[in-house]
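Me: I'd like to learn how to read a model like this one. Could you walk me through it feature by feature?

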Amino acid sequence: MAQNKTDLLAVLAVVKKYNLKSTEELLKKEAGLTDIPENVAGEAEVNSVLAAYKSEGDPDIYENSYMELRRFVEESLDIYKHELALILYPVLVHMYIELVYNSHEVQAKKLITKFGPEQEYYYQDELAKLAMVTKRDEMSGNDITDTFKSNAFTIRISRDTLSLLKRHLHEKKASVILNIVNEHMYFDLYEGVARNKAQCDATSGAMTGEAKRQDNKIKVYYGLLKEPDVQTLVAAPPEEDDDMDPDAPDKPKKKKPKKDPLFSKKSKSDPNAPPLDRIPLPKLKDVDKMEKIKALRESTKRVNLGPDLLPSICMYTLLNANHTVTCADFSEDSSLLSVGFVDSSIKVWSMTPMKLREMKSADQLKEIDRDAEDVLIRMLDDRKAESCRTLLGHSGPVYRTSFAPDRTMLLSCSEDSTVRLWSLHTWTCVVVYKGHQYPVWDVRFSPHGHYFVSCSHDRTARLWSTDSHQPLRIFAGHLSDVDVCIFHPNSNYVATGSSDRTVRLWDVCVGNHHRLLTGHKAPIYSLAFSICGRYLASGSADKRVLIWDLAHGHLIAALTGHTASIHSLCFSRDGTILGTGGLDCALKLWDFTKLVDDISGENVNVSHNPDVRDGEPYLLRTFPTKQSPFLTLHFTRRNLLLGVGMYDLGM
């Protein structure tokens, strides 16, 4: 308060000096300083305050101020040094922006050339972009300057570290830095011992610093939805299975005892699950129920994986496809494979002896008996069955395809900024969704169907439903391209990964983000939820896979070992193993059960960062391909691991 009063008196002194009587009276009245005696502010005090204001315009003090701050950080005690070092980068950026804004181009260039190279490696790209801005009118529309001007840089800091910093700045009267700290930085305070270097490094790296603890406070319903009761249909298993199996008549009897515990286990409610009516989900049709029973029957034959029993792996290599293939995706039941191409086409292959059939013409459909048991089968034309079909419609490279859970539809997104919905009965495009203004990088169906999510170069992700051509929600908040998006297994949340080096978890119901996860040092290209829904794995161009606990928003493990970007992640169907595939032509398998067991045995310090585990003890095996970077990984219902890659002649 004393400082503010001195400031006010200094301003009053100036007003008085220029004989601005009415302004002086108004200012006194507003500030409640009506009865102050003449010349109460000491001449020296007033001059020091005015000098501080004047010095901001002096371009030559910036470099010295920065060097003084850097020296203070380097000479601090080790216990505080690492947290204090976090402010050097944002201070440098804002100093540069201020100098350019005030047309001091020479000093700005000197500052960034001298101190830019010593910043962390993951900030170098941004500093290079920033250095291109040398005039005030180049600032508007520049990603970096816009981001820093409109977002506070967040640093998680202990109370002791912050008081040390503030004391230093006030003692040195470092007005330039004090202004930057007060206006452009947010300190997320916590009580306790300051973090060590490893803890600071674990969560730093995002464009605007770390996540505030407030960002991760909201409760997340990460549990799975209660499975619908399909037990009534179990007694009548689908006949097609019986024809294929000579022992069919006694099969159900053998399976019955196996299935019952499965059903009873499913019927228990997960305490962390969202209410069933939290978001409207489509009603299950009979076909869907039969599909669920089929999936349950498959799961009874599932191989239980572990460190001693690794999955068999089947790798599909696309030949002569280098620089032409962009993405690949399997249907949930592994019966279909779709591949997107640079020439804007999509190919769909059947992975089973069953060929891809087309619906009969309208005249032929009229003749079909609608009450027949097999009406759906009769509608399809066997004469036009093929093992591969091509879908044409996009006008740019296709970046992602995604099958509907019931395999009747396929979504695709493209550089042409549209998302298309294709019917796999008529093999035609049914809807074109226009909403994004720029290339769409990813699109995914919800595990429950009906909804899907897309994300784009326009920095947004959007929630859609198949029956509406307008998005239901726009998830805005990322500061750069949103490169990957994925639904939570309970369909209530969407996770997105971005080039701003953050992962966000969005609530489909309200449209806000409920988790902000920082720690990656490069754009994020792949995401996967654990089978239980509590954990999220993210793979990045920083060659690491990070594992997050969504209950608290904590980073719990960093899996290192890949030597290039990681573009595919997949959990086994029983949740025991995580498969990661990279552009380094290597597939790695990690023991996820062991990781979760190790974490649950610990008492997590919720106030600030727990220690992040190193992934090395959890790596089970590495499988190199010859020269095929991975496009996708997929575990079948029986836990066979499928991979797709393209043979790269140039490697």
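Me: What percentage of the residues in the protein chain are buried?

Reply: First, the ground rules. This is a predicted model, where local features need pLDDT of at least 70, side-chain atom pairs count only at pLDDT 80 or more, and totals for chains, interfaces and linings use all residues. Residues are numbered from 1 along each chain as its sequence is written, and side-chain values use heavy atoms, with hydrogens and water left out. Now, buried means under 20% relative accessible area, exposed means over 50%, and partly exposed is in between (1.4 Å probe, protein chains only). Here, buried residues make up 50% of the 651 residues.

Me: And how many helices and strands are there in the protein chain?

Reply: Helices (H or I, at least four residues) and strands (E, at least two) are DSSP runs, numbered from the N terminus. This chain has 18 helices and 32 strands.

Me: Which residues does UniProt list for "repeat: WD"?

Reply: UniProt positions are given in the numbering used here, feature names are shortened, and annotations may be inferred rather than shown by experiment. The unreviewed UniProt entry lists residues 318–359, 391–432, 433–474, 475–508, 517–558 and 559–591. Take two of them: residues 475–508 are 0% helix and 59% strand, with end C-alpha atoms 9 Å apart. Residues 559–591 are 0% helix and 61% strand, and there the end C-alpha atoms are 11 Å apart.

Me: Where is pLDDT below 50?

Reply: pLDDT is the predictor's confidence in each residue, from 0 to 100. The chain's mean is 82, and 82% of its residues reach 70 or more. Residues 44–55 are below 50, and beyond near neighbours in sequence this stretch has 13 contacts in the model (contact means heavy atoms within 4.5 Å). Residues 234–262 also stay under 50, with 20 contacts beyond four places in sequence. Where pLDDT is low, the predicted coordinates should not be read in detail.

Me: On to salt bridges. How many does the structure hold?

Reply: A salt bridge is a side-chain nitrogen of Lys or Arg within 4 Å of a carboxyl oxygen of Asp or Glu. The structure holds 26 of them. One of them joins the side chains of Arg-459 and Asp-143 (2.9 Å, N to O). That pair links distant parts of the chain, 316 residues apart: Arg-459 sits in the loop between strand E15 (451–456) and strand E16 (460–465), and Asp-143 in helix H9 (residues 143–150).

Me: Which residues are linked in a network of salt bridges?

Reply: Glu-291, Glu-332, Asp-333, Arg-407, Arg-573 and Arg-637 are. Within it, the side chains of Glu-291 and Arg-407 meet at 3.4 Å, N to O. Glu-291 lies in helix H15 (residues 286–300) and Arg-407 in the loop between strand E10 (398–403) and strand E11 (409–414), so this pair ties together parts 116 residues apart in sequence. Arg-407 also forms a salt bridge with Asp-333, the closest N and O atoms being 3.2 Å apart. Asp-333 is in the loop between strand E4 (325–330) and strand E5 (336–341), 74 residues from Arg-407. At 17% relative accessibility, Asp-333 counts as buried.
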